[in-house]
Amino acid sequence: MELNAAFLHPQDNVATALVDIAEGETVQTAGARVVAAEPIPFGHKIALTRIAAGQQVTKYGESIGLAACDVLSGGLVHVHNLASQRGRGDCVTQEDGL
Amino acid sequence: MKDTFLGFRRSDGRVGIRNHVAILSVMDNCNGIVRHLAQLVRGTLPLPVWYGRGQFGPDDELFRRTQVGIASNPNVAAVLVVSLEAVSAQRMAEAVAASGKPVASISVQDEGGTVASIARGMRLLAPMVEEASGQRPLEVSLSELVLGVECGGTDTTSGIASNPALGWAADRVVDAGGVVYLSETSEWMGAESVLARRARAPEVADAIYAAVRRIEDDARARGVDIRGANPVPDNIRGGISSIEEKSLGAIIKGGSRAIEDVLAYGQRATGKGLYLMDTAAPAAESMTGLAAGGAQMIVFTTGQMNIMGCPIAPTLKITGNPRTAKRLADNVDVDVSTMLAGEALERAGARLLTRMLDTASGRLTRAEVFGDEEIAISRLQPTV
């Protein structure tokens, strides 16, 4: 099956859609496969597994933020449910050991 | 794989890939004259500027240093300095003359106003342009290249395709003995530990963390979430969800080699290899810093399309987004969106490097063709 999402690092829990993906469609990456729980637009991220609120979202093998709420396996991950931990002058954030 | 290009050897030993006769505005009140002269005399490059009067301290030092840096860039053959009054005109002319280039200057007050300054400017520029047009480029090695890497209009294809392709080419430049500049400090935030691991020395790692901390402290001092300012709305629309995600994709464009040092805005590297430069993220400001540091060419990855180029350093636009490559084809120089369909990194990178050498040797970029080029010099404090 053709790859329709990019999986960049073995530790990643998200992949990035390379085409528009419909709800219910199989998302096939080089390292993982999941069924889309909702439409995933081209260039947007899909959770490869359930991600609990407060859990790290990993892309490129590094943290890109924390889940702001529970994310379903195959769910869209974006600004509505991903909390950046950097440059947050609007709140007190956890230090990340710099 | 070809590893040479045609360039103009300057008296300070550096090689230029364009042969501009620059008309440098020392302060914004001379922009009109500078623009008129550029219209009247063929082959000239106007460098108008905002501000430039009533600045003092570190803000003034950075401003002047950057003006001197862009006028001294090896892509410039000769310079006409235009200022309102004689002291600033003289000071700028002397500083630029240290590069070894032919430099002349005009003080509008001493010349007798706009009309007289334009007449005098034309008489000063004509022999400069004629002389520059008689110069011929020579074949030089890739080791003479100072490559600026830039990104803008980032989306998730940037980290998947265009930045890896550019990083591949950047590695080739460093391996050949050239220089690469990676800037846009806020786009190291979230990826600074990845960069620090490659620092040549502990002080360099410290400098990376310190530069990012300064940005974060500023966001906190202002009480603002940086998201919206960086990433910007088009990044977010293109799938970027956080500055961490943006940065982790962005740093890939600098390649994988060791980081020699962290330079100040507009500072020139003293050695070879990969350097970070501490700059703002928006393209005009960032690229002005790269050009002031001596970058002859900038390769600029974009997902959603940012059309900005640098007038001093020809700017190649490369995209990994197939929709952008098609819909905004007018502004695209290199399309690597085929990587999403499986084109190998080495193949896309080699295509890009071939185009880079071609551009160095004279092939124009779309930003040059359309004139989508601006200078913007960073400010540290308000004017008095």
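A:R50 is partly exposed, with 48% relative accessible area; partly exposed means between buried (under 20% relative accessible area) and exposed (over 50%), using a 1.4 Å probe and protein chains only. This is a predicted model, in which local features need pLDDT of at least 70, side-chain atom pairs count only at pLDDT 80 or more, and totals for chains, interfaces and linings use all residues. Residues are numbered from 1 along each chain as its sequence is written, chains are lettered from A and ligands numbered from 1 in the order in which they are written, and side-chain values use heavy atoms, with hydrogens and water left out.

## Salt bridges within the chains

A:R50 forms a salt bridge with A:D70. The term stands for a side-chain nitrogen of Lys or Arg within 4 Å of a carboxyl oxygen of Asp or Glu. The closest N and O atoms of A:R50 and A:D70 are 3.3 Å apart. Helices (H or I, at least four residues) and strands (E, at least two) are DSSP runs, numbered from the N terminus. A:D70 is partly exposed at 49% relative accessible area.

Over all chains, the rule gives 27 salt bridges. Here are some of them.

| Pair | N to O distance |
|---|---|
| A:R50 and A:D70 | 3.3 Å |
| B:R14 and B:D12 | 3.1 Å |
| B:R257 and B:D171 | 3.5 Å |
| B:E245 and A:K59 | 2.7 Å |

B:R14 and B:D12 pair up in chain B. B:R14 counts as buried, at 15% relative accessibility. B:D12 is partly exposed, at 30%.

The side chains of B:R257 and B:D171 also meet in a salt bridge. This pair too links distant parts of its chain, 86 residues apart. B:R257 is in the loop between α10 (243-250) and β10 (259-263) of chain B. B:D171 is in helix α6 (residues 156-175) of chain B. B:R257 is partly exposed, with a relative accessible area of 25%. B:D171 is buried because its relative accessible area is 9%. Salt bridges with shared partners join B:D171, B:R172, B:D175 and B:R257 into one network.

## Where the chains meet

How many residues of chain A are in contact with chain B? The number is 29, and they touch 37 residues of chain B. Contact here means heavy atoms within 4.5 Å.

The two chains bury about 2600 Å² between them. Carbon and sulfur atoms carry 54% of that area. Buried area is the accessible area (1.4 Å probe) that two parts lose on being put together, summed over both.

The rule finds 7 salt bridges across the interface of chain A and chain B. One of them joins B:E245 to A:K59.

On the side of chain A that touches chain B, strand β7 (residues 62-67) of chain A gives the most, with 4 residues. By class, that side has 10 nonpolar, 11 polar and 8 charged residues. Ala, Val, Leu, Ile, Met, Phe, Trp, Tyr, Cys and Pro count as nonpolar, Asp, Glu, Lys and Arg as charged, and the others, Gly among them, as polar.

## Two domains in chain B

Chain B is assigned domain 1 (20-133) and domain 2 (141-370). Such bounds come from an automatic or database domain assignment. The contact takes 12 residues from domain 1 of chain B and 14 residues from domain 2 of chain B. The domain centres, taken over C-alpha atoms, are 29 Å apart.

Domain 1 and domain 2 of chain B bury about 960 Å² between them, and carbon and sulfur atoms give 62% of it. Across this interface the rule finds 0 salt bridges. It does find 5 residue pairs in polar contact, both residues at pLDDT 80 or more. On the domain 1 side, β4 (44-47) and α2 (57-72) of chain B are the elements that give two or more residues. The largest share, 5 residues, comes from α2(B). That side divides into 6 nonpolar, 5 polar and 1 charged residues.

B:A71 is in helix α2 of chain B. B:A71 counts as buried because its relative accessibility is 0%. Beyond four places away in sequence, B:A71 touches B:L24, B:V76, B:V79, B:V96 and B:K101. B:V96 is 25 residues from B:A71 along the chain, and their C-alpha atoms are separated by 6.5 Å.

Key: Polar contact = N/O pair within 3.5 Å; in protein donor to acceptor, adjacent residues only side chain to side chain.
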